[in-house]
Each structure stands twice: as structure tokens, then as C-alpha cells.
Amino acid sequence: MKYVNNLPHLSTVLCSILLLLSLAACSNDTKSSVNGNLEWTDGIKAVVYIESPKVGTLLNLRGIAGKGVIIVKNDKQSAGQTACLSSPIRLAAGDFGGASIGIQAAEPIRLYIYSNKVKSELMSGNEVVSEDYVITDHSDAKLGDIKIESGLTLNYGFVLNPGEWSWSSVFGLDQESVLCEELAAL
């Protein structure tokens, strides 16, 4: 009699967990408000805010995925107020800090973008990979291209992918004009 292994392969289990993680992250509403104090200093070009990311762990692997908004500061001013553009963005991050198997909610992620190159890449619809830029965190005195304000550590590698899976994103209709001063009051 021939032996048949009915146990799922490790790759099947990994794919299943990543699929569940991505589905859970995609169920969030991208039109959420930016909580907390958003302080626009002269150096900040954009802010990425992921309100409710999901964390999935599988033994030593840990991944974070979520949808949120990117708020980009325009150089144009109208009636003395700085105009900003808000559009949806997705984030995927990972490291080797897992200790169990599971999916749970994580704290909100806030990234400050100081680089004009990163800003223009994201506004052009191109993804940004953390390996290609200087990443700092809130404890660093230097700014870097992207500064992690909350939700991630420097151990994480991450990808920012502008847009969402909708026709409005394909045709570039998902950007909303907002006043930066109104966002700073939230």
C-alpha cells in the first residue's frame, strides 16, 4: 500500500496565513480620519497614517498590513492657507520578531516623509520600498527620507503602495483636496 502524506506543506500554510492577513487588512475603511495632533513643520512633505493595521505572526515571522491615507502638502497656497491632497495608501511590513501563530490588531502607524523624491514617487503611483531610502525613527535627531513616528520600529522592512483596488484609483480620481490647517487641528 502506498503512503500518502495528507499534511499541508509549509508553503500552503504560509500562503493561507498571508491571504487571511491581507483580507483582514483590506477590510478597513480608507476614508478614516487622522487621529492625534498632526504637526506640519517646514520639513514634512507628507504623512502616511494607517489607523488599524493587522499583525500576523507565524513562528519567527511577523508581518503587518493595512490601508490608510497619505496626506501630501502642496507647495501652492490659496488665500494664505496651504492646500493638501489626501489619497489612499497600503502598507506591508515584516521582520523576524514573531513568537507565535496568530492575527491581531496593531497600534496605528504614522510615517513622516521628508524627501521630495519619496513624495513624488508616491504621488506618481509608484511603490516605495524602505531598503531604498534612509529610514529613521522618533528617537533619532536626524530626519532621513522617512521618519517612523509610531507603529513600527527600525527592524521592520516595509513597502508603501499608493492607491487601492478600485476604478477610481486606476483613473487617478481618488485624491481629495483638503486644507492642511484643518488636519493639524484633529
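Is F96 buried or exposed? In this predicted model, F96 is exposed, because its relative accessible area is 71%, and exposed means over 50%. F96 sits in the loop between β4 (81–95) and β5 (101–105). Beyond its neighbours within four places in sequence, F96 is in contact with N60 and L61. L61 lies 35 residues away along the chain, yet the C-alpha atoms of F96 and L61 are separated by 4.7 Å.

The interior was examined next. In soluble globular proteins, nonpolar side chains tend to be buried together. Here the largest nonpolar core has 23 residues. Within this core, the residues with the most contacts are L91, L111, L152, F158 and L160. Two or more residues come from each of β1 (46–50), β3 (61–78), β4, β6 (109–113), α2, β9 (146–150) and β10 (157–162). A separate core has five residues, including Y49, V69, C84 and C180. L160 was then followed in detail. Neighbours within four places in sequence aside, L160 is in contact with V48, I89, R90, L91, L111, L122, N126, E127 and V128.

One of these contacts, L122, is also a buried residue of helix α2 (residues 116–123). An α-helix has 3.6 residues a turn, so residues three or four places apart point the same way. At the N-terminal end, S115 caps α2. A side-chain oxygen of S115 lies 3.1 Å from the backbone nitrogen of K117. Just after α2, G125 takes a positive phi of about 90°.

How values were computed: Residues numbered from 1 in each chain as written. Predicted model: local features only at pLDDT ≥ 70, side-chain atom pairs only at ≥ 80, totals over all residues. Heavy atoms only, no water. Buried < 20%, exposed > 50% of the residue type's maximum accessible area, 1.4 Å probe, protein only. Helix = DSSP H or I, 4+ residues; strand = E, 2+ residues; numbered from the N terminus. Polar contact = N/O pair within 3.5 Å; in protein donor to acceptor, adjacent residues only side chain to side chain. Contact = heavy atoms within 4.5 Å. Core = buried A, V, L, I, M, F, W, Y, C linked by side-chain atoms within 4.5 Å.
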